[in-house]
Amino acid sequence: MTNGPLPVARTVAELRAVVAGWRAAGERVAMIPTMGALHAGHLSLIALGRQKADRTVASIFVNPAQFAPHEDFDAYPRGEAEDAAKLADAGCDLLFAPGAREMYPDGFATTVNVATGVSEPLEGVSRPHFFGGVATVVAKLLIQCGPDVAIFGEKDYQQLLVIRRMARDLDLPVEVVGGPTTREADGLALSSRNAYLTAEERKAATALPAAMRYAVAALRDGGEAADVEGAVRASLIGAGFRQIDYVEIRDGATLARLGPGPVSPGARVFVAAWLGKTRLIDNWAV
Ligand code: AMP
């Protein structure tokens with residue numbers, strides 16, 4: 001199915017004008033923020049948005065503030081025309097694709113930082129700049145659009161928790177909803193960064209979902225978290241991963257470390273590891 005061309009808003013004023021028209025007609029609005037290079041995982045969030053609201057807005061903005069200088073901001077895959085066609089096919093109503101000046105005008109000086117709690121462990125340790133950049137840009141996007149519902153993937157589970165905290169703390173009148181992770185047939189989570197993998201690395205990457213499956217089964221069987229974390233590390237290194245940022249089993253609501261003994265319900269396994277130049281992250285519920 002191909003729907004008509006997708007309207008694109010480049011400025012906050014254009015975005016607000018379209019959303020105001022929908023609101024005047026009594027329609028509910030869902031927003032799905034992305035950095036583009038869209039795949040079936042992103043499109044599943046559009047589908048979820050369509051279930052939860054009358055209108056869906058996708059944003060595409062590769063946010064410089066969430067990349068450290070040594071990270072892949074310049075190399076990050078970009079292709080707006082292709083993305084817009086996918087969004088139109090998915091039944092999205094509007095693409096908000098602002099330029100960097102629109103988001104960060106001269107003199108921009110305000111940042112949003114989820115200072116403690118769910119932002120601290122895991123990605124907060126490996127990428128200390130990351131959640132400040134994410135919270136700032138997502139706060140801006142939600143204030144710019146004013147959706148009833150904002151949808152984020154459980155693929156970036158910690159990010160989802162950080163955004164929920166930020167929206168609650170700032171009294172943003174929006175429901176933050178998580179969508180399930182879309183995976184390849186072998187279980188690898190879809191990610192725009194998978195495009196960086198060589199054919200050989202893509203084969204090796206299958207070790208990540210295999211290790212996650214093992215971890216979940218071992219924990220359900222009463223395995224100790226520390227033992228399971230060690231086994232996951234060993235299997236990833238054995239499969240050719242060159243560096244492991246973390247393998248940690250934590251509480252899925254608070255991200256607190258778990259005590260010894262059998263893991264409690266609601267635990268989650270979190271992994272970030274490097275295959276060549278590509279950093280892969282994943283998380284599975286136990
Ligand atoms: P990104 O463009 O990578 O910043 O992702 C935009 C949104 O899509 C975020 O909320 C991600 O968590 C979500 N997302 C990314 N990959 C997937 C996936 N495989 N399944 C579901 N959602 C995803």
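# Close-up views of a predicted model

View 1. Residues are numbered from 1 along each chain as its sequence is written, and side-chain values use heavy atoms, with hydrogens and water left out.

View 2. An oxygen atom of the ligand lies 2.6 Å from a polar side-chain atom of D156. For G153, a backbone N or O atom is 2.8 Å from an oxygen atom of the ligand. L190 has a polar backbone atom 2.8 Å from a nitrogen atom of the ligand.

View 3. Helix α2 (residues 40–52) has 13 residues and spans 18 Å from first to last C-alpha, close to the 18 Å expected at 1.5 Å a residue; the expected span is 1.5 Å times one less than the number of residues. Helices (H or I, at least four residues) and strands (E, at least two) are DSSP runs, numbered from the N terminus. G41, H42, L45, I46, L48 and G49 are the buried residues of α2. They lie on the same side of α2, because they cover an arc of only 160° around the axis, taken from the directions from the helix axis to the C-beta atoms. Buried means under 20% relative accessible area, exposed over 50%, and partly exposed in between (1.4 Å probe, protein chains only). The cover over these residues includes β2 (29–34), β3 (55–60), α3 (80–89), β5 (149–153) and β6 (175–179), with contact meaning heavy atoms within 4.5 Å.

**View 4. Salt bridge between E80 and R10.** The closest N and O atoms of this salt bridge are 2.7 Å apart; a salt bridge is a side-chain nitrogen of Lys or Arg within 4 Å of a carboxyl oxygen of Asp or Glu. The pair links distant parts of the chain, with E80 in helix α3 and R10 in the loop between β1 (8–9) and α1 (12–24), 70 residues apart. E80 is partly exposed at 31% relative accessible area, and R10 is partly exposed at 38%.

**View 5. Salt bridge between R257 and E229.** The side chains of R257 and E229 meet at 2.9 Å, N to O. R257 is partly exposed, at 44% relative accessibility, whereas E229 is buried, at 10%.

**View 6. Two loop residues with positive phi.** Most residues other than glycine have a negative phi. A37 is not a glycine, yet has a positive phi of about 50°. A37 sits in the loop between β2 and α2 and is buried, at 19% relative accessibility. L122, also not a glycine, has a positive phi of about 50°. L122 is in the loop between α4 (100–103) and α5 (123–126) and is buried, at 3%.

Key:
This is a predicted model: local features need pLDDT of at least 70, side-chain atom pairs count only at pLDDT 80 or more; totals for chains, interfaces and linings use all residues. A polar contact is a pair of N or O atoms within 3.5 Å; within protein, one must be able to donate a hydrogen and the other to accept it, and residues adjacent in sequence count only if both atoms are side-chain atoms.
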